[in-house]
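Open the model in your viewer and keep the selection panel at hand. The tour goes stop by stop.

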Amino acid sequence: MSAANSAHSVVEPSLSNKRIAGTIVVLYALITLIPLVWIFLTSIKSPPDSISYPPKIVFTPSLEGYCNLFTTRTRQTPDYIASLPAPVGTCDEVTRKRNMVIAGPSNFVPRFVNSLVIAFGSTFLAVFLGTLAAYGFSRFKVPLADDLLFFILSTRMMPPIAVAIPIYLMYRELGLSDTALGMILLYTAVNVSLAVWLLKGFIDEIPREYEEAAMIDGYTRLQAFRKVVLPQATTGIAATAIFCLIFAWNEYAFAALLTSGDAQTAPPFIPTIIGEGGQDWPAVAAGTTIFLIPILVFTILLRKQLLRGITFGAVRK
């Protein structure tokens, strides 16, 4: 082997090093999963088991937390409950064991739907606008481009609580308070700066020659952008969408201040779930578990793009 090839050769790690690295990765994964596993276990505990001390590791699973999450209940006398027909479904049976009956559905499903609409709607708008802006900064000579990019980034430097009151007053005057449209616009404005910065890096990695060749063949600038740049920027767009969705999905401060009813999302609603003796921890844990599912599924579906995207794995010259 020549000296040049030896200088660029990669040393194969030994078996012991592989085992040590694998052990570290597994331990780290297990440690990060502990809170999620504990939340799930709490969601299938009964209310007494959820607040027992020391905490119970071995317990009888119960769906009471999920039933309490999706329903409202009223307490009744044992005689009244005995006069009712046989319970219909698991939740009805579990509720009657607590001398209660189901009064109707809870507000969790509407809040969960609000989260879906607002998070995915704002993510789409942020990525769409961010892609256009990033393409402009990447391909054209924009006056004061560096200053504009820094200004765009600076909008993420201020904590949400610092601008929450002015935004609240503005939304109240414009009639956007407690509306899905208002929250979508707000989350879009917050996320578009992140989208511009991430996507500009991806588009910078796509050779200009591809577009120039397409325009020589008769494509317009817009057609070259749509048919040449966008397909090659898919990885970056997917990674950016995940980061924007995570923020919009988990955001609490703006949602707690600007929504209270019609447009309230799940994050400020879940902590307010109250049982007879105070906080209904199994229902809170059940709501948290369900709330994790959409973002988890979305991330898993785009995991390959995310892994490539965070390393700026776009097409290179």
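Select Lys56 first. Lys56 is partly exposed, at 36% relative accessible area. Asp49 is buried, because its relative accessible area of 12% falls under the 20% cut-off. Keep in mind that this is a predicted model.

How many salt bridges does a search of the whole structure find? It finds 6. Go on to others.

**Helix 6**

Select residues 90-97, which make up helix 6. Show the side chains of Asp92 and Arg96. They meet in a salt bridge, 3.3 Å from N to O. The two residues sit 4 apart in this helix, so about one helical turn separates them. Buried or exposed? Arg96 and Asp92 are both buried.

**Helix 10**

Move to helix 10, residues 180-204. Pick Lys200 and Asp204. Their side chains form a salt bridge at 2.9 Å, N to O. Again the spacing is 4 residues, and therefore about one helical turn.

**A network**

Select Arg139, Glu211 and Arg221 together. Salt bridges link these residues in a network.

**The nonpolar cores**

The largest nonpolar core has 40 residues. Color Leu69, Phe108, Met183, Leu186, Tyr187, Phe254 and Leu258: these have the most contacts inside it. Among the elements giving two or more residues to this core are helix 4 (64-70), helix 7 (108-139), helix 9 (160-174) and helix 14 (253-258). Helix 10, helix 13 and helix 16 are also on that list.

Zoom in on Leu69. What does Leu69 touch, leaving out residues up to four places away in sequence? Its contacts are Ser106, Phe108, Ile273, Ala283, Ala286, Gly287 and Ile290.

Another core, of 12 residues, lies apart from the largest one. Ala126, Tyr135, Phe202 and Cys244 are among its members.

**Helix 13 against helix 16**

Last stop: select residues 234-250 for helix 13 and 281-301 for helix 16. Their axes come within 10 Å and cross at roughly 175°. That angle is over 145 degrees, so the two helices are roughly antiparallel.

Show the side chains at the contact. Helix 13 brings Ala241, Ile242, Leu245, Ile246, Trp249 and Asn250. Helix 16 meets them with Phe291, Pro294, Ile295, Phe298 and Thr299. By class, this contact has 9 nonpolar, 2 polar and no charged residues.

Definitions and conventions
Residues are numbered from 1 along each chain as its sequence is written. This is a predicted model: local features need pLDDT of at least 70, side-chain atom pairs count only at pLDDT 80 or more; totals for chains, interfaces and linings use all residues. Side-chain values use heavy atoms; hydrogens and water are left out. Axes are lines fitted to C-alpha atoms, for helices over the stretch in contact, and angles run from 0 to 180 degrees between N-to-C directions. Angles under 35 degrees count as roughly parallel, over 145 as roughly antiparallel, 65 to 115 as roughly perpendicular and the rest as oblique. Contact means heavy atoms within 4.5 Å. Ala, Val, Leu, Ile, Met, Phe, Trp, Tyr, Cys and Pro count as nonpolar, Asp, Glu, Lys and Arg as charged, and the others, Gly among them, as polar. A nonpolar core is a set of buried Ala, Val, Leu, Ile, Met, Phe, Trp, Tyr and Cys residues joined through side-chain atoms within 4.5 Å. Buried means under 20% relative accessible area, exposed over 50%, partly exposed in between (1.4 Å probe, protein chains only). A salt bridge is a side-chain nitrogen of Lys or Arg within 4 Å of a carboxyl oxygen of Asp or Glu.
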